[in-house]
Amino acid sequence: MKLKKIAYIALIALGTFSCDYLDVVPDDVATIEMAFTTRANALKFLNTCYSYVPSHGNVWKNPALETGDEIWNCAENTYYYSNGSSFPIAKGNQNTSSPYLNFWSGGTDANNLWVAIRDCNIFLENIDNVPDMTISEKSLWRKEALVLKAYYHYFMMQLYGPIPVIRENIPMYASPEETKVVREPVDDVVKYIVGLIDEATVDKSGLSGSLPDMRPEIELGRLTLPAALAIKAKILVLAASPLFNGNTDFSDYKDAKGNNLINPLEDPHKWELARDACKEAVDYAHISGHQLYVFNDNLMGMQISDVTLRELTLRNTITSESKYNKELIWGMGYDTEFLQKACNTALTTYQQGAQIGWCVSMHNPTMNITEEFYTKNGVPMTEDKTYDFLNRYDVDVVPPGHEYYIEKDFRTAKMNFNREPRYYAYLGFDGGKWFTLEATSDKESFTVRNKAGQISGKAIDNYNVTGFFAKKLVNYKLIMSASQNTSGTVGYTFPIIRLSDLYLLYAETLNETLSAPNAEVYQYVQYVRSKAGLDVETGGLVQTWATCSNNPDKPATKQGMRSIIRQERLIELSFEGQRFYDLRRWKLAMEYLNRPIRGWNVIGEGEMDYYQMRYIYQRKFMKKDYFWPIKTEDLYINNKLLQSPGW
């Protein structure tokens, strides 16, 4: 019974309760002790440790998909659709009495991650007791649990800032005061998390017992050496970023001993640690065979243009089956069927009947994010010397050269003209082309028609509220039918970390350690831009800015390159749940998330009515929103826990 009490007390310490600690062990195992009597049961317990990884492709469970400014819904609840977890946070309704997406003490749409950490501790304490396992296999599983434990601490730190560190479960003989854990300074939390991953990755031999370079298909989602090193890199980047590195906004946020929980003094060395970790992660990703994705699916003899081929490379980077995607470093599960439906649109008359049951068009990119994408010249809209930014909302007929992007002779807003390839690969819009497997040799793509009453326009309770669709998240094989047959739906592993993310993180950290950017900074940003089809004519981003931008020297300065890297991340990783965390760690959330959500007037039936920019919702983000609140009830249970600042 000792292990049972240890597990229970560990939860009390955090001010949380679990109805039955036995819900974390296999269904056919009566006690924790029995969970480690055989290899088969131990594997089930390890799988339980993995099961707490938040579902990154789930709009209800991933806090980063809908709580920022890049996606908006027509309503929090409709007759056919309800999002009562993440969307209320986006609308500014987070609270202390019953927090949304409560990863601290758990809820309907959020796992209690302290339970996850508790289970990792139980696993680490008992894995050596399993009799029918080799030493090397025990070593491997132990390393997986160490990295998972590190990841759960990191995930909590992203949302709550300073957190308790659960080094081991509190023993049954602990006094009541000893069970009351406290928040620890962020620097100490980071040091502990990194130490866990260092312990798990000290052996990089690739031999039995060490984390492998790759996993076979049946083990996709389980941790590898590149994934562990990538998680370490992201932790150290977060620690080096302005939110936690020299943030004076929270200088009065101290523990009972008067220690700053967030260091108000900037430490440049943190960027050096992050840089080295990013480089190590990139190097081992390359050694392990990771590379940027290139589309090579068999289209059964279908002839497509080079433009469409590039679009499929950019789209399928996210939506391809993971066994073919070497850019994916770590992702979990195939929880993406609903996400694809929510991002999709009806493209043919027979598909219109499917819109209701499919909850189509409930995950809509905002105009805010669409204006972040570059022009065809690869520079921001506001910087392009040839781009008519002030008149971007005016309507005109599609100019020549857009036949693979927009229907010929269609009239649409000028902002849809002369944009970079990712704009057309990641976004659907009125008049825009959309490739699916239903296309034929004489009709390479379908056309989105989004005005009210049209095929993909507002005609039912669920509708696109902004006028833009997240085409990036929809596999080209998805087929929507009135019978709601999902046989054409391809589940894919939603990325937690991919190689482009690491490239841009390395460029960012390297730039921060230099007085001015060097060739290596440009090189790693260029890898991502070249994949997107940018800088082909100029030969590189430096030349692109010199030729096309009204700020030609921008890439030459540290500040200018910082801005370029940040915008590159906002574009390349859009709709993947990265922007939410990036804006927070850069301390830019108050700037971006207080701007009104904008879109087209989707209730308009004609051109003049539809193409009117309208304000949909006024976001409100305050300083306290950087760190989510702990439920008030949990603070009563553990009176040593500090509430997050401002709550």
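## Salt bridges, strands and rings

Counting every side-chain nitrogen of Lys or Arg within 4 Å of a carboxyl oxygen of Asp or Glu as a salt bridge, we get 48 salt bridges here. Before we look at some of them, keep in mind that this is a predicted model, where local features need pLDDT of at least 70 and side-chain atom pairs count only at pLDDT 80 or more, while totals for chains, interfaces and linings use all residues. Residues are numbered from 1 along each chain as its sequence is written, and side-chain values use heavy atoms, with hydrogens and water left out.

Let's start with Glu383 and Lys554, whose salt bridge has its closest N and O atoms 2.5 Å apart. Glu383 sits in the loop between α13 (367-370) and β4 (395-397), and Lys554 in the loop between α17 (541-548) and α18 (558-572), so this pair ties together parts 171 residues apart in sequence. (Helices here are DSSP runs of H or I with at least four residues, strands are runs of E with at least two, and both are numbered from the N terminus.) Are these two residues buried or exposed? Both Glu383 and Lys554 are buried, where buried means under 20% relative accessible area, exposed means over 50%, and partly exposed is in between (1.4 Å probe, protein chains only).

Next comes Glu576, which forms a salt bridge with Arg498, the closest N and O atoms being 2.7 Å apart. This pair also links distant parts of the chain: Glu576 is in the loop between α18 and α19 (579-585), Arg498 is in strand β10 (residues 494-498), and they are 78 residues apart. Glu576 counts as buried at 3% relative accessibility, and Arg498 is buried too, at 2%. Both belong to a network of salt bridges that also includes Glu327, Glu420 and Arg422. Lys180 is partly exposed at 21%, and Glu177 is partly exposed at 44%.

Now follow strand β10 to its partner. β2 and β10 pair in the antiparallel sense over four bridges; strands pair if DSSP finds at least two bridges between them. Across this pairing, Trp330 stands opposite Ile497 in β10. Four of the five residues of β2 are buried, so β2 is largely enclosed by the rest of the structure.

Trp330 also takes us to the aromatic rings, as one of the residues in a cluster with Phe103, Tyr151, Tyr152, Tyr154 and Phe155. The structure holds 35 aromatic pairs. Rings of Phe, Tyr and Trp (its six-membered ring) pair if their centres lie within 6.5 Å, and planes under 30 degrees apart count as stacked, over 60 as edge-to-face and the rest as tilted. The rings of Phe103 and Phe155 have centres 5.1 Å apart and planes at 65°, so they are edge-to-face. Phe103 lies in the loop between α4 and α5 and Phe155 in helix α6 (residues 135-160), so the pair ties together parts 52 residues apart in sequence. Phe103 is buried, at 2%, and Phe155 is buried, at 1%.

Let's finish in the loop between α4 (87-90) and α5 (113-126), where Ser105 is found. Ser105 counts as buried at 16% relative accessibility. Its side chain makes a polar contact of 2.6 Å with that of Asn102, and another of 2.8 Å joins the side chains of Ser105 and Asp634. A polar contact is a pair of N or O atoms within 3.5 Å; within protein, one must be able to donate a hydrogen and the other to accept it, and residues adjacent in sequence count only if both atoms are side-chain atoms.
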